[in-house]
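This report goes through a two-chain model, from its basis to its annotated spans, its interface and some local features.

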Amino acid sequence: MSSTEQGTSSAAPAEPTTAPESAAAPEVPESFYYVHGKDKVVHKVSAGALQHSALIHGMISNLGYTEEQAKANPFPFENIDGDILQMVVDWCNQHKGKPTPPEDTNLPKQKEKLFDLVLAVNYLEIKELLTYCCKQVAMMVKGKSPEEIREIWMIPTDAEDEAAEKEAKKRAGKEAAGETAAAAGDAK
Amino acid sequence: MTISLTDIPENVLADIFRKCDFLSIFVLRKVCHQFRNFIDDVKPCTDIKSIEVNVGIKKIILRINSYNVRGSAYVKYEDHPKGCVVSYHKQGMKLPPPAPELPPVPTHSRLKLKECIHEGVEVMTAFSKDFEAVIGAQRSKIEFFRVHLVCLRRPECPTRNSPMTRSNVFSKADRKTFGSVIPYTMFSNFDTPESFTLRVLNELERTLQSHKQLLRVENFFMEVIQCKQLLQILPHIDSQYLKSIEISSPKIYPTEELKMDKLVTLDQWRQARKLELRSFYVSTPIINFLHFNSAEVNIDSVCCEDLKTMQQAFISSEKFKRFKIAYNNFEGRENLVKTFGEAETNGKWYFWIFPIPGSENVLFLNVILCHPHTICFTRCPESTPPQKGCVNCHYT
């Protein structure tokens, strides 16, 4: 914690960091940072919006980039799809400096997108958005039977899982036997 | 590649499961072994308020109430020619729109969510697996654990509609023939309600025995026919958490004696502070009841010596509140005044006030010699005395 604070104070003058941020925000010109996902499309995001992400906030604090440095070095998130990163950036912009509402109805309803979003948000450590996403997934589970849940999320049954494991073991066994046979042949 | 729910990191999965209601957790546990193990390890459900087992005729209902009124649910296990039917129900409180003059009265809405037929699975097996999961999911203490033997209750008046006394295994034609009372002879091909109940209780005992820790329950309620059924379940309750014990019989009127020699030796009995023992008479020495702060029992025979012992114990117990006895015989009732001194009386009832040294409270003794043959000790401030000659109305 103390190292983060030191990092911040070395990058910026000491006074503004001690003053309350919300009060200082309108007076000080807002700084912007840049992020890109798998599709390499760069998104310009204000520092205020990025505060939602503990990961990016930590990176900003530690790196102490100037405006030019930030522009030249966008934060790369190669593991996040472009459209998902766009969604995250939009959410951060919408909720910049605002108290988060108890429910967010704008979250994607398709399970694939929602799960991608969950993974991205978890990686970026955006606590509030992760809470909304988890609630949304919990809502999708509600009222479903085990079979329906298995179908929707393509989860194999225990029997299917066991069969797949057995097959994989068999294959591995065969391959190992093949290798030993080949090695024995070589030795001869 | 499509992401599955099983690919979600564990911390997020735990977060999702914590946001699920109990019924969803119950269902998720049956999805795959990863989820089952994860739920058993993480125990994401912490808001279980009560667990209730209702034993019906060839059916068992496992009811889970959560602290969230909307989070209450029950699972019904019924016999089926192919195996058993498991249905999931949601129970919530609905407030109707308020009438112009009257305040709104909440009504319970029951919503059947899902019904699955488990082929080749017996009712008992399906129930015990789920019961095991429920008690396994318990992280902290629960307020209530109740066992109702609905199938052994006396059939109600044929003009009344009583869904709990009938099972769906009977056709409408049967119901027309027999009205709402199904004679036990109809069960010749099945278990009798008694044998079915015994099997359920054995299964409950087995599951509780196999559970690593004792069940942490504050208030325990059980309907029993004999004390030995109580002894199957009560020893598996953690006495450290137990506050009250309520024992009843599916039969309405107290006609039988509850042999409680072993029961009174249990830690659970000694640690509990509240007792309600209905539908049975007891003839255990009164000394076994004196640690309760609040009790309601039917005692076959009382005498002035017992009452004197109780008076002395309750005067010295700071936390004592109320002890109500319904009795059959009062031996030596003519010695009441001799034992306790002059009383306020009308011949049918006697009323005493005993001061408690060093306390603002006093001990009231209300003895009713006519119907309903009741004796009641109450410890409370003198300014709020119980009604003389009436033990059901607490205060005047």
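The sections below take these topics in turn.

## Basis of the model

The model is predicted, with local features requiring pLDDT of at least 70 and side-chain atom pairs counted only at pLDDT 80 or more, whereas totals for chains, interfaces and linings use all residues. Residues are numbered from 1 along each chain as its sequence is written, chains are lettered from A and ligands numbered from 1 in the order in which they are written, and side-chain values use heavy atoms, with hydrogens and water left out.

## Annotated spans of chain A

Residues 38-96 of chain A are 56% helix and 12% strand, with end C-alpha atoms 24 Å apart, helices (H or I, at least four residues) and strands (E, at least two) being DSSP runs numbered from the N terminus. Residues 127-170 of chain A are 80% helix and 0% strand, and their end C-alpha atoms lie 44 Å apart.

## Interface of chains A and B

In the interface, 28 residues of chain A are in contact (heavy atoms within 4.5 Å) with 27 residues of chain B. The two chains bury about 2400 Å² between them, 72% of it on carbon and sulfur atoms, where buried area is the accessible area (1.4 Å probe) that two parts lose on being put together, summed over both.

## Lys40 of chain A

One salt bridge joins the side chains of Lys40(A) and Glu78(A), at 2.7 Å from N to O. The pair links distant parts of the chain, 38 residues apart: Lys40(A) is in the loop between strand S1 (32-36) and strand S2 (42-46) of chain A, and Glu78(A) is in the loop between strand S3 (75-76) and helix H7 (82-94) of chain A. Lys40(A) also has a positive phi, near 65 degrees, in a residue other than glycine.

## A cis peptide bond in chain B

His371(B) and Pro372(B) are joined by a cis peptide bond, with omega about 15 degrees. Pro372(B) is found in the loop between strand S15 (361-368) and strand S16 (374-381) of chain B.

Terms used
Salt bridge = Lys/Arg side-chain N within 4 Å of Asp/Glu carboxyl O.
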